[in-house]
Amino acid sequence: MATKEKLKTKAARLREEARETGKVVFRAPALVRFAECVIRFLLGALLAGAEIFGGYAPFGLGLVGASGSGLDGFCALLGACFGYLTMEGFVEGLRYAAACVLVFSVAFAFFDVGAYRKSWFMPLSAAAIDGVTGFIYLSDQGWTPESLIFFGTELLLCGASVYFYRIAFTPWTEKREEEGLTARQTISLLLLLGTLLLTLSKLTLLGDLSVGRFAAAVAVMAVAYKGGVSIGATAGVAVGLGMDLSTGGMPFYAMAYALSGVMTGVFHRQGKLAATLAYVLSNALAVLWTWKDGLHIPLLYEVFAASVVFLLLPDKLLRQVGALVAREPKHGTQERAMAYVKGRMEDTAAAFKSLYESMRGTLHTGRPNDNDTAAIFDRAADRMCKRCPLQTSCWQRDYVSTYNALNDALPAMLERGRGEGGDFPAYFSNRCMKFADFLTAVNEELAGLLYRRQYQSRLRENRAAVCRQYGELAEVLGTAAAELSAELIPDPVREKRLRQYLTAQGVECELAVYYDEAGHLRVELEGAGLSPLRQSSQVDKLAKLMNFPLRLVEEGRRDRLVLVQSEPLMAVAGVAARKKDGQTVSGDTGAWFKHDDGTLYVLLCDGMGSGRLAQRESTLAVRLLEQFLRAGVRPENALRTLSSALALRGEDEIGFTTIDLLRVDLFTGEGNIYKYGAAPSYVKKGTAVSRVTGCALPAGLAGGEGGAPDVTHLKLEAGDCVLLISDGVTGGQPDQWVRDKLSAFDGQSPRELAQELIDESEQQAGAADDRTALVLRLSKR
């Protein structure tokens, strides 16, 4: 009674589990459910007959272990027991039948235990049960090295078949409506079909013609024809090994099927007939190679029959085979995505450039000038002279004298910005009955004229600034699109070397070793456990392994490590600054940083005036410019964009700043100095000192089309020095003392030189402005 109650409880739990997991055991229509049970039974019976090494048959047992403890498992158990007892004989089959019953019992007893749902539980259980029953049975026959090897292989294949068969049945048992089979499901399904061929290989027609080998030949031809060389070779080796295992002989079939698969894959683009001929001829060649060991003549007949069937297969079925064996592209999709983004950016850049050209043409189109200076007298006369008794005398009879009087007064009025009584001749001012009112009206019209002129000028400047921003944006987008198309060259030799080193260190991660668009080595690692590699000693070891000097790039991510090729040059900088007397803060702001590509940037900005307002302007300029440069924007584009933005910002509040920008490529020593109204800079090569100046206005004032910065090209070497100063250091006075100080500099301490310049500047130019000196010295790494 207790046993019956336990079985009822188990059955109830089984039904509950089926409902929770979404299986269709009790939901599918009866006919469909009956068909599923029949398929399980037939598969169990067929797989039970799949032998390897002439007597080992683990695959029926594997199906029972993969089918579980429900009705599916029971049908698979019946089929496997039937197949083992009928195909293997009573003595041999009884061993496997007993193992199948034990495996089903384990699944039934432990189905509600958490370990049962682990992917390793049933494969390990089936292999263990097969090992126990096989050890008892085979011990009576005695153990030899050969039998131990065969028995160990059987146990391995038993556990593997349970694992892969369960995956192969997941599209059926789970009933998920997803986008086709995954790679694991496809491989598992192919393994199931391959083991079925082992049973069919024992089924012969007309003497020695094997149905299994015939089906295998058709499958290899179809897969190689749609998948190419690599897929064809893989399918040929897999099928051939299965046939060799079933016969227990030398690996002849593996060689024959693999060679045929390769040749079919070679000609798969030349059409179905060419691929079929390649398969038949290569297979015949493989048969001829076995002349000494006895020709496998039946294989020729099987291949010929398979070729006829293959030629008759419909294209629709072959397309389904092609979809099944299609390889997932690794790089093609990414490259197409990059090409798509590149095209979009180029189109966007072209659109902004067209907009820039159209706006530029509109801004420079001549417009009627309604602000003629002489018109101020006409407007004043309309207001004051219409009701005057002398109107006819002044504006008709004596028009010439009135015109001359007003024309004589106009230059002084425009220069002063307003009119006075002395600007007009006495004969006009004495004759006018309302001269004071007329002068007031003229001044009002003059003020309106000047305001309109100022407004139109500012409006044109702002429109031009916006127009230039569109042009700069087009250039930035175009540059970014060009960078997307730059080819990155991988280094497979160093990548393999690094992978072996990390594997030996127990570090598992994704890695890439390649050369960027400038030809510099770059190493990228992504994964867990990268923290030890950030230590300087580990970086040195990786540099020796790559045979390149490397440095670490900090990105703020623990799971990502980037190493780039270290530059042959290094820079040592020293800075000193002093604020204007009476001020709490300095209006000068500086910064320097190194980009990932090995480019060093040094910034020095001097805000208008001094104090907090000047500090705000210079700090804003440095922050925005640094952000642009770190993002990879070219210095010319970044400077012009910043200047236009500062000009627009000055619409409500006047503010501008000078900009000194030094760019140095630490790989080549090539560099540039960019200036917007900045003080002179100085370059020392040996003992010679050269002076670098410019004529561009400060950023925010350089309007119109001439707003480009001054650019001076440099070629620096180890030992050279560059000095950037703000205008307060010399105060507009002669700077020979600055050159002498720099020329006498021994290169030991840039910081001390900068401090000496600041101290000396107070004696040479006073302390009427903020003063900053920044010294940069290059040396070999």
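This report describes aromatic pairs, cavities and selected residues of the structure above.

The model is predicted, and for that reason local features need pLDDT of at least 70 and side-chain atom pairs count only at pLDDT 80 or more, while totals for chains, interfaces and linings use all residues. Residues are numbered from 1 along each chain as its sequence is written, and side-chain values use heavy atoms, with hydrogens and water left out.

## Aromatic rings

A pair of aromatic rings is described by the distance of the centres and the angle of the planes. Here, rings of Phe, Tyr and Trp (its six-membered ring) pair if their centres lie within 6.5 Å; planes under 30 degrees apart count as stacked, over 60 as edge-to-face and the rest as tilted. The count by this rule is 16 aromatic pairs. One of them joins Phe104 and Phe108, whose ring centres are 6.4 Å apart with planes at 25°, so the pair is stacked. Both residues belong to helix α5 (residues 90-110), where a spacing of four residues separates them by about one helical turn. Helices (H or I, at least four residues) and strands (E, at least two) are DSSP runs, numbered from the N terminus.

The burial of this pair can also be stated. Buried means under 20% relative accessible area, exposed over 50% and partly exposed in between, with a 1.4 Å probe and protein chains only. Phe104 is buried at 13% relative accessibility, whereas Phe108 is partly exposed at 25%.

Ring pairs also link Phe110, Tyr116, Trp120 and Phe121 into a cluster.

Some rings have a charge over the face. This applies if NZ of Lys or CZ of Arg is within 6 Å of the ring centre and within 35 degrees of the ring normal. Lys272 lies over the face of Phe310, 5.8 Å from the ring centre. The charged end of Arg630 is placed over the ring of Phe593, at 4.3 Å from its centre.

## Cavities

On a 1 Å grid over the protein atoms alone, a cavity is a set of points where a 1.4 Å probe fits but cannot get out, and lining residues have an atom within 4 Å of a point. Grid points are joined across faces, edges and corners, and a volume is the space filled by probe spheres set on the points. The structure holds three cavities of 30 Å³ or more.

The largest cavity holds about 140 Å³ of space. Its lining includes Met384, Cys385, Cys388, Trp395, Phe428 and Lys434. Helix α18 (residues 391-397) gives the largest share of this lining, three residues. For the classes, Ala, Val, Leu, Ile, Met, Phe, Trp, Tyr, Cys and Pro count as nonpolar, Asp, Glu, Lys and Arg as charged, and the others, Gly among them, as polar. The lining of the largest cavity divides into 10 nonpolar residues, one polar and one charged.

The second largest cavity has a volume of about 50 Å³. Among the residues that line the second largest cavity are Asp516, His520, Arg522, Gln565, Asp597 and Phe667. Strands β5 (521-526) and β7 (560-565) are the elements that give two or more residues to this lining. By class, the lining of the second largest cavity has three nonpolar, three polar and four charged residues.

## Selected residues

| Residue | Relative accessible area | Class |
|---|---|---|
| Thr772 | 6% | buried |
| Asp491 | 8% | buried |
| Arg560 | 16% | buried |
| Cys81 | 16% | buried |
| Asn547 | 59% | exposed |

Two of these residues are described here by polar contacts. A polar contact is a pair of N or O atoms within 3.5 Å; within protein, one must be able to donate a hydrogen and the other to accept it, and residues adjacent in sequence count only if both atoms are side-chain atoms. Thr772 is found in strand β17 (residues 771-780), and a polar contact of 3.0 Å joins its side chain to that of Asp588.

Cys81 lies in helix α4 (residues 71-87). Its C-alpha atom is separated by 7.6 Å from that of Gly93, 12 residues apart along the chain. Asp491 is in the loop between β3 (489-490) and α22 (492-504). Between Asp491 and Arg522, 31 residues apart in sequence, the C-alpha distance is 9.8 Å; Arg522 also lines the second largest cavity.

Asn547 is placed in the loop between α23 (536-546) and β6 (550-553). Most residues other than glycine have a negative phi. Phi of Asn547, however, is positive, near 60°.

Key
On a 1 Å grid over the protein atoms alone, a cavity is a set of points where a 1.4 Å probe fits but cannot get out, and a pocket is an open set with protein on both sides within 12 Å along at least five of seven lines; lining residues have an atom within 4 Å of a point.
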